Amino acid sequence: MLQPEERAGQDPLAALIGLDMDVAEPTDRAVKRLLPNVVKDDGAASLEFRQLTERSLRETKIGALRAAALDLDKDEIVLTPEGAKHWSMALNDVRLVLAERLDIRDEEDAEHVHLMQDWSQAEDVESYLALVYNFATWLQESLVQAMLQSLETRR
Amino acid sequence: MTLSVALGPDTQEGTRTGTAEATDSLTAPDIPWNLVIWNDPVNLMSYVSYVFQSYFGYSESKANKLMMEVHRKGRSIVAHGSKEQVERHAVAMHGFGLWATVEKASGGPGGNSGKSGGPGQGKGKRG
């Protein structure tokens, strides 16, 4: 989803400095939420910004997701401050994508999805997605509370 | 934003910052761009506050005040600076998954009249 397309004939210098003249505003709502326009109501300025920044933004996001995925292979996960940051970012992106697929548009939708807590009631794709979303929400919230506490003790 | 199972941070309503401190940083005429964070129903209040504290180095009370402004008013100006500075912040915010945009300080609601200029200004090629 976030992996940029490999293209033949791409300018190697442009690729090296992260420039990408072929980017476009994403059509998939979830991808657009991950890689949003930087200027409201100005497609041209946003596109110019995408050409300069989108490739490295994708790499940042993929890096955090990969780091979290690698941790999942371990028997026991102990997070460093940097690892915790990657996990919180990865969980947030996962939640943003699930929220788009679940059509969460406002706080009311979010509350409705939040009601789904019982695995025995997961009968279709939507209710299963809602359970995964709620689990990821709980995990991220618990992690971020611990991160906030460690920020506090460092002050 | 959404408040999850664990308790969210205090809203710090009682310690609202006075106008003196706010105007100090908001009206500097040579700082014409704003970084705006928009509300969404997914990002956790705690996470938004964490990002404001860890990335910008804001105090807990300032971070929570800005976070609540995003939540209640739908948007908040969380940083100012040159176009390049706020754009760099915007990419970092997008990296964290926050919905950020940049705007001229004289532009949107809540902004102030810094250097006046037509809408076409400031879009020149960079680098």
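**View 1. A:Arg105 and its salt-bridge partner.** A:Arg105 counts as partly exposed because its relative accessibility is 36%. This is a predicted model. The side chain of A:Arg105 meets that of A:Asp103 in a salt bridge, with 2.8 Å from N to O. A:Asp103 has a relative accessible area of 45%, so A:Asp103 is partly exposed too. The pair belongs to a network of salt bridges that links A:Arg29, A:Glu100, A:Asp103 and A:Arg105. Side chains of opposite charge can pair when their charged atoms come close.

**View 2. The salt bridge of A:Glu25 and A:Lys32.** The closest N and O atoms of A:Glu25 and A:Lys32 are 2.7 Å apart. A:Glu25 is partly exposed, at 36% relative accessibility. A:Lys32 is partly exposed as well, at 32%. Over all chains, the count of salt bridges comes to 13.

View 3. B:Lys83 and B:Glu87 are both buried.

**View 4. A nonpolar patch on the surface of chain A.** A:Leu13, A:Leu16 and A:Ile17 make a nonpolar surface patch of about 370 Å². A:Leu13 sits in helix α1 (residues 12–16) of chain A. A:Leu13 counts as exposed because its relative accessibility is 55%.

**View 5. The largest nonpolar core.** This core has 45 residues. Those with the most contacts inside it are B:Leu35, B:Tyr47, B:Phe52, B:Met93 and B:Leu98. Helix α2 (residues 45–56) of chain B gives the largest share of the core, seven residues. Chain A takes part as well: at least three core residues come from each of its domain 1 (1–75) and domain 2 (79–155). Beyond residues up to four places away in sequence, B:Leu35 touches a list of residues including B:Phe56, B:Ile77, B:Val86 and B:Met93. A second, separate core has 20 residues, among them A:Leu2, A:Leu57, A:Ile62 and B:Val42.

**View 6. Chain A as a whole.** Chain A has six helices and zero strands. Of its 155 residues, 43% count as buried. Among contacts between residues at least 6 apart in the sequence of chain A, 62% join residues at least 24 apart. The accessible surface of chain A comes to about 9,300 Å². Carbon and sulfur atoms hold 55% of that surface.

Conventions:
Residues numbered from 1 in each chain as written. Chains lettered and ligands numbered in written order. Predicted model: local features only at pLDDT ≥ 70, side-chain atom pairs only at ≥ 80, totals over all residues. Heavy atoms only, no water. Patch = residues over 30% accessible without salt bridge, like charges linked within 9 Å, V, L, I, M, F, W, Y side chains within 5 Å. Areas by Shrake-Rupley, 256 points an atom, 1.4 Å probe, with all protein chains shown as cover. Salt bridge = Lys/Arg side-chain N within 4 Å of Asp/Glu carboxyl O. Helix = DSSP H or I, 4+ residues; strand = E, 2+ residues; numbered from the N terminus. Buried < 20%, exposed > 50% of the residue type's maximum accessible area, 1.4 Å probe, protein only. Contact = heavy atoms within 4.5 Å. Core = buried A, V, L, I, M, F, W, Y, C linked by side-chain atoms within 4.5 Å. Domains from an automatic or database assignment.
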